Amino acid sequence: MWWDDTCRSAEMARTPAGYTVTDPDSEAGCRLPGCRAAADSRSGAYPCDAPCGWRSSNRDGNSTISPSATLGEVLRHSVPRGTGNTVPYGARRIRQDDRVTDRDAAPLDPAAMRKQYRAEGLAENDLAATPVQQFARWFKQAAAEAHLFEPNAMIVSTADAEGRPSARTVLLKQFDEQGFVFYTNYDSRKARDLADNPYVSLLFPWHPMARQVIVTGVARRTGRDETAAYFRTRPHGSQLGAWASAQSSVIATRADLDASYAELAARYPEGEQVPVPPHWGGFRVAPQLVEFWQGRENRLHDRLRYVAEQDGSWRVERLSP
């Protein structure tokens with residue numbers, strides 16, 4: 001099997017000896033322009049005459065990048081898949097899957113699936129003054145440096161009045177010192193849960209970086225002016241969708257949903273203003289606890305948690321992994 005715009009076999013971790021390739025694929029080769037790397041399934045060797053000077057043996061599951069290769073040359077072998085761009089010389093690569101090993105696990109046996117995290121740690125003196133400032137740092141790294149797919153995707157967990165939990169993935173749309181904002185149908189299950197029980201958890205699962213951020217707090221509805229301002233920024237189709245879908249309700253067929261959307265599209269053609277649905281709006285989650293989780297070797301992860309104090313300040317505590 002060949003790889004196109006990224007060299008999977010050159011996923012890297014920095015070591016004193018140079019660059020060590022971790023997590024090589026025994027069938028992988030490099031199909032970057034000018035690269036002739038190919039896997040020999042019998043010997044496990046990865047010969048390569050690419051300009052970066054990559055050489056590898058893979059006898060023990062770890063291949064190596066020639067230490068003579070420059071940082072820029074090595075980084076050009078690890079362009080994020082699908083970007084079509086090279087990483088600027090000197091840029092710091094922080095995707096966690098550049099730093100993990102994945103021993104040949106049985107593909108359908110969850111008990112055998114594991115990775116050994118090898119990221120730098122997270123120390124107390126590295127943290128920002130507030131959890132929102134620290135979140136902004138990590139969010140920028142996830143979005144602009146690691147190029148994660150939808151880094152604003154978060155798992156929103158709620159519980160109803162009887163304590164029965166539910167979870168779903170929602171997109172974060174704003175964050176500041178007042179909290180984390182998302183939008184939804186106020187008749188949806190999560191909104192009904194929050195009406196009875198405003199306590200909520202937000203989880204940002206940035207797996208490729210072996211990072212998680214877990215926010216626990218209280219959700220309150222945003223004001224109508226704020227909701228309307230955001231609604232106006234949504235694509236026209238998404239505005240119609242907010243009207244077409246009675247979120248979380250049972251519908252007979254997909255055709256019913258499509259018919260509802262088509263009727264709205266005829267009533268409000270492209271370019272015509274769509275009114276804000278009265279049953280649709282935002283929630284702002286005011287954080288009370290915010291945990292920053294960084295994967296480490298041997299499952300001895302770093303877990304640092306901000307705890308809100310009565311005077312508005314934040315206390316940081318370390319949790320055992």
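This is a predicted model: local features need pLDDT of at least 70, side-chain atom pairs count only at pLDDT 80 or more; totals for chains, interfaces and linings use all residues.
Residues are numbered from 1 along each chain as its sequence is written, and side-chain values use heavy atoms, with hydrogens and water left out.

The protein chain has about 17100 Å² of accessible surface, 51% of it from carbon and sulfur atoms (Shrake-Rupley method, 1.4 Å probe; for residues, only the protein chains shown count as cover). Of its 321 residues, 44% are buried (under 20% relative accessible area; exposed is over 50%, partly exposed in between, with a 1.4 Å probe and protein chains only). Among contacts (heavy atoms within 4.5 Å) with a separation of 6 or more, 58% join residues 24 or more positions apart.

Now select residues 236–244, helix H5, together with residues 254–267, helix H6. Their axes lie 9 Å apart, and the helices pack at about 125° (axes are lines fitted to C-alpha atoms over the stretch in contact, with angles from 0 to 180 degrees between N-to-C directions). That angle makes H5 oblique to H6, because angles under 35 degrees count as roughly parallel, over 145 as roughly antiparallel, 65 to 115 as roughly perpendicular and the rest as oblique.

Show side chains at this contact. From H5 come Gly237, Leu240, Gly241, Trp243 and Ala244, meeting Leu257, Ser260, Tyr261, Leu264 and Ala265 of H6. Seven of the contact residues are nonpolar, three polar and none charged (Ala, Val, Leu, Ile, Met, Phe, Trp, Tyr, Cys and Pro count as nonpolar, Asp, Glu, Lys and Arg as charged, and the others, Gly among them, as polar).

Stay on H5 and pick out its buried residues: His236, Gln239, Leu240, Ala242 and Ala244. Their cover includes helix H4 (224–231), H6 and strand S10 (280–294).

Most residues other than glycine have a negative phi. Centre on His147, in the loop between helix H2 (131–145) and strand S4 (153–159): its phi is positive, near 55°. His147 is partly exposed, at 41% relative accessible area. Then move to Ala210, between strands S8 (199–206) and S9 (211–221), with a positive phi of about 50°. Ala210 is buried, at 3%.

Notes
Helices (H or I, at least four residues) and strands (E, at least two) are DSSP runs, numbered from the N terminus.
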